[in-house]
Amino acid sequence: MGVLSQPALNQCFLLKPCKSTPLFTGIPVVDLTHPDAKTLIVKACRDFGFFKLVNHGVSFELMASLEHEALRFFKKTQSEKERAGPADPFGYGNKRIGRNGDVGWVEYLLLNTNPDSPKSLLVFRENPHHFRTVVEKYITAVKNMCYKVLELMAEGLGIGQMNALSRFVKDEKSDSCFRMNHYPPCHEVQALNRNLVGFGEHTDPQIISVLRSNSTSGLQICLPDGTWVSVPPDQTSFFINVGDTLQVMTNGRFKSVKHRVLADTTKSRLSMIYFGGPALSEKIAPLPSLMSEGEESLYKEFTWWEYKKAAYASRLADNRLAPFEKS
Ligand code: GA4
């Protein structure tokens with residue numbers, strides 16, 4: 001994606017003072033096959049809005065084969081990759097994130113999970129048929145696992161209706177997307193004793209995000225007390241994030257987790273994230289079956305389309321829920 005020369009790096013606003021972020025050993029780990037997984041999921045979502053999922057049933061071979069295909073794409077020449085861009089929002093993007101001036105030391109492919117969307121076809125037109133097949137297989141496997149997680153979540157929340165949450169992402173009109181992020185190593189920053197921002201701090205707008213990365217660190221989350229911690233990478237597991245929409249659906253019981261990624265000085269990081277969102281026309285409000293007697297919604301009512309429109313007018317680090325909170 002083009003290397004920055006040292007003078008350019010010196011001026012680069014992606015460089016942040018090198019504060020060391022402690023490696024966090026307290027990340028909740030949920031075994032999807034554990035009899036009490038539902039309780040652990042709910043506790044993790046209340047405490048952190050984040051957890052690591054093990055024994056999830058998605059084969060490591062499938063993860064590795066998508067990683068291999070994605071790296072093959074990112075190894076192409078810049079002009080070849082740009083044939084699948086610019087990201088608007090779907091397609092190949094390089095350093096620019098969103099529409100309002102956010103940047104990061106990252107290149108990516110952002111796809112609609114409907115593989116027939118015109119932009120997805122454009123990405124795959126230039127690429128071997130195999131890439132498309134692997135992406136589709138992976139998305140199907142992750143979606144199915146995600147339904148299980150959302151069903152356990154509903155059960156753990158004491159909601160009788162098992163599909164109260166999963167139905168939103170199961171809906172054929174679900175507005176979900178899939179992202180593959182490549183953070184090339186940047187050797188120059190080491191000498192400068194600075195951090196290089198790969199993807200700046202933000203919360204995810206959707207219901208749930210399911211992340212898998214290679215074994216290069218970089219992901220950091222913000223704990224409820226405001227401290228940032230590094231998440232030890234684990235290429236065999238998934239990391240699950242609560243998104244803004246789930247925060248609203250649980251009337252603030254679950255918090256969407258603020259997170260960011262720093263680029264590594266020596267190793268490239270590759271992550272793939274499935275973002276499960278509702279259909280555009282869906283009303284986003286606390287689930288009635290969850291509300292205690294007399295409990296009022298903390299949020300004004302809005303549709304996912306309205307939220308998305310506002311999200312695309314925001315900067316990455318903005319609190320996108322603030323305008324929808326009741327005063
Ligand atoms: C963050 C989560 C997902 O990566 C994403 C991002 C989207 C984009 O890159 O196009 C956004 C960002 C994300 C939130 C605010 C807006 C929209 C960039 C941006 C500045 C695909 C999403 O859904 O929201």
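Here are a few notes on this predicted model, going from the whole chain down to single residues.

1. Start with the overall build. The secondary structure comes to 10 helices and 15 strands. Along the principal axes, the C-alpha atoms fill a box of roughly 60 × 45 × 40 Å.

2. How does the chain's radius of gyration sit against that of a compact globule? For 327 residues, a compact globule would come out near 20 Å, and the chain has 19 Å, so the two agree. As for burial, 40% of the 327 residues count as buried.

3. The contacts say something about the fold too. Take those between residues at least 6 apart in sequence: 73% of them join residues at least 24 apart.

4. Now for the inside. Nonpolar side chains tend to be buried together in soluble globular proteins. Here the largest nonpolar core has 78 residues, and Ile 41, Leu 109, Met 153, Val 210 and Ile 240 have the most contacts inside it. Which element gives this core its largest share? That's helix H6 (residues 129-156), with 10 residues.

5. Val 210 is worth a click. Setting aside residues up to four places away in sequence, Val 210 touches Val 142, Cys 146, Phe 238, Ile 240, Ile 273 and Tyr 274.

6. Next, have a look at strand S11 (residues 238-242). Why is S11 described as largely enclosed by the rest of the structure? Because five of its five residues are buried. In a regular strand the side chains alternate between the two faces of the sheet. In S11, Phe 238, Ile 240 and Val 242 are on one side, Phe 239 and Asn 241 are on the other, and both faces are covered.

7. S11 has partners. Strand S3 (residues 50-54) runs antiparallel to S11 and is joined to it by four bridges; strand S8 (residues 208-213) also runs antiparallel to S11, again with four bridges.

8. Is Glu 69 buried or exposed? Glu 69 counts as buried, because it has 20 C-beta neighbours inside 10 Å, and 20 is the cut-off for that label. Leaving aside neighbours within four places in sequence, Glu 69 is in contact with His 130, Phe 131 and Val 134. For a sense of distance, Gly 101 is 32 residues from Glu 69 along the chain, and their C-alpha atoms are separated by 29 Å.

Conventions:
Residues are numbered from 1 along each chain as its sequence is written. This is a predicted model: local features need pLDDT of at least 70, side-chain atom pairs count only at pLDDT 80 or more; totals for chains, interfaces and linings use all residues. A residue is buried if 20 or more other C-beta atoms lie within 10 Å of its own, exposed if 12 or fewer, and partly exposed in between; C-beta atoms are placed from the backbone. Two residues are in contact if their C-beta atoms, placed from the backbone, lie within 7 Å. Helices (H or I, at least four residues) and strands (E, at least two) are DSSP runs, numbered from the N terminus. The radius of gyration is taken over C-alpha atoms; the globule rule is 2.2 Å times the number of residues to the power 0.38. A nonpolar core is a set of buried Ala, Val, Leu, Ile, Met, Phe, Trp, Tyr and Cys residues joined through C-beta atoms within 7 Å. Two strands pair if DSSP finds at least two bridges between them.
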